[in-house]
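Please read them with the structure open beside the text.

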Amino acid sequence: MNDTFLQRLEKVEQRIAVACEQAGRPRDSVRLLAVSKTKPPEAVREAAECGVRLFGENRVQEAQSKIPLCPVGLEWHLIGHLQTNKAKVAAKFFQMIHSVDSLKLLQALECHADITLPVLLQVNVSGEAAKFGMKPDEVAAVIDAANQMQKCEVHGLMTIPPFSPDPEKTRIHFSALRNLRDQLQNETGTPLPELSMGMSHDLEVAIAEGSTWVRIGTDLFGSRN
Ligand SMILES: *Cc1c(COP(=O)(O)O)cnc(C)c1O
């Protein structure tokens with residue numbers, strides 16, 4: 001990890017480009033979200049100087065204190081679990097929420113958003129007990145409810161699969177999310193173009209399975225303590 005941020009960014013960009021090519025997908029069908037959680041504003045500034053504009057944070061409190069110290073003009077996405085009582089602050093600081101995991105939370109965001117708020121619904125496709133996320137059979141009703149809202153717009157789905165050192169073992173969870181998306185588009189008639197899946201060690205598999213947002217922390221900013 002002695003590389004500069006720019007060198008690490010170039011490596012990640014290269015991996016994304018190769019994965020897109022192998023999947024027969026255009027490079028611009030996948031966006032890179034730089035996950036700056038636990039890293040200081042200086043790290044964000046360095047990334048911004050390298051041209052990164054899209055940042056992900058997993059805690060509202062951390063984001064609330066960090067974002068005002070970062071360059072302006074960046075886009076911030078929430079990727080971690082959000083408590084309903086923090087929906088107001090989240091709607092103020094984030095331009096997109098990847099981790100909406102209940103109807104109650106969606107309603108709270110709808111209440112507090114001033115302008116259109118794109119969201120993704122987090123689904124626990126693996127059924128792993130420790131994970132946040134809706135059950136697959138709960139998602140359709142939430143999409144129907146969102147279609148009646150004025151501010152919140154569901155753009156797709158997100159998942160965090162159980163960790164496996166072998167990214168190939170994660171493939172079934174990514175394909176499950178994509179299949180669920182296809183099924184929900186048919187069932188609800190709502191376009192769901194976005195799939196937020198893939199992290200530092202499994203972005204290639206995620207892109208092969210249709211990811212449109214890869215959320216990369218470690219391979220850009222170094223390991224977290
Ligand atoms: C921390 C985090 C990431 C980034 O993980 P890395 O393995 O460091 O790339 C992605 N998604 C979520 C939800 C996270 O909390």
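1. Asparagine 124 sits in the loop between E5 and H6, where the elements are DSSP runs (helices, H or I, of at least four residues; strands, E, of at least two) numbered from the N terminus. Asparagine 124 counts as buried because its relative accessibility is 12%, buried being under 20% relative accessible area, exposed over 50% and partly exposed in between, with a 1.4 Å probe and protein chains only. A polar atom of the asparagine 124 side chain lies 2.9 Å from the backbone nitrogen of glycine 127. If residues up to four places away in sequence are not counted, asparagine 124 touches Lys131, Phe132, Gly133, Met134 and Pro136, contact meaning heavy atoms within 4.5 Å.

2. A word on the basis of these notes: this is a predicted model, in which local features need pLDDT of at least 70 and side-chain atom pairs count only at pLDDT 80 or more, while totals for chains, interfaces and linings use all residues. Residues are numbered from 1 along each chain as its sequence is written, and side-chain values use heavy atoms, with hydrogens and water left out.

3. Leucine 117 lies in strand E5 and is buried, with a relative accessible area of 3%. Not counting residues up to four places away in sequence, leucine 117 touches Phe94, Gln95, Met96, Ile97, Leu109, Lys151, Cys152 and Glu153. Between leucine 117 and glutamine 150, which are 33 residues apart in sequence, the C-alpha to C-alpha distance is 9.3 Å.

4. Helix H6 spans residues 139-146, and its buried residues are Val139, Ala140, Val142, Ile143 and Ala146. Seen down the axis of H6, these residues fall within an arc of 160°, so they line one face of the helix; the arc is that of the directions from the helix axis to the C-beta atoms. Among the elements that cover the buried residues of H6 are helix H5 (103-112), strand E5 (117-122), strand E6 (152-158) and helix H7 (171-188).

5. Asparagine 147 is placed in the loop between H6 and E6, and at 43% relative accessibility it counts as partly exposed. Asparagine 147 and aspartate 114 are 33 residues apart in sequence, and their C-alpha atoms are 17 Å apart in space.

6. The structure holds 2 aromatic pairs, and one of them, formed by phenylalanine 5 and phenylalanine 221, is tilted, at 5.3 Å centre to centre with 50° between the planes. Rings of Phe, Tyr and Trp (its six-membered ring) pair if their centres lie within 6.5 Å, and planes under 30 degrees apart count as stacked, over 60 as edge-to-face and the rest as tilted. Because phenylalanine 5 lies in helix H1 (residues 5-23) and phenylalanine 221 in helix H9 (residues 218-221), the pair ties together parts that are 216 residues apart in sequence. Phenylalanine 5 is buried at 2% relative accessibility, and phenylalanine 221 is buried with a relative accessible area of 10%.

7. Which residues surround the ligand? They are Val35, Lys37, Ile79, Ile160, Met199, Ser200, Arg215, Ile216, Gly217, Thr218 and Arg224, a residue being taken as near if one of its heavy atoms lies within 4 Å. A polar side-chain atom of lysine 37 is 2.7 Å from an oxygen atom of the ligand. For serine 200, a side-chain N or O atom lies 2.5 Å from an oxygen atom of the ligand, and for threonine 218 a side-chain N or O atom lies 2.5 Å from an oxygen atom of the ligand. Of the 390 Å² of accessible area that the ligand has on its own, the protein covers 90%.

Note on methods
A polar contact is a pair of N or O atoms within 3.5 Å; within protein, one must be able to donate a hydrogen and the other to accept it, and residues adjacent in sequence count only if both atoms are side-chain atoms. Accessible areas come from the Shrake-Rupley method with a 1.4 Å probe; for residues, only the protein chains shown count as cover.
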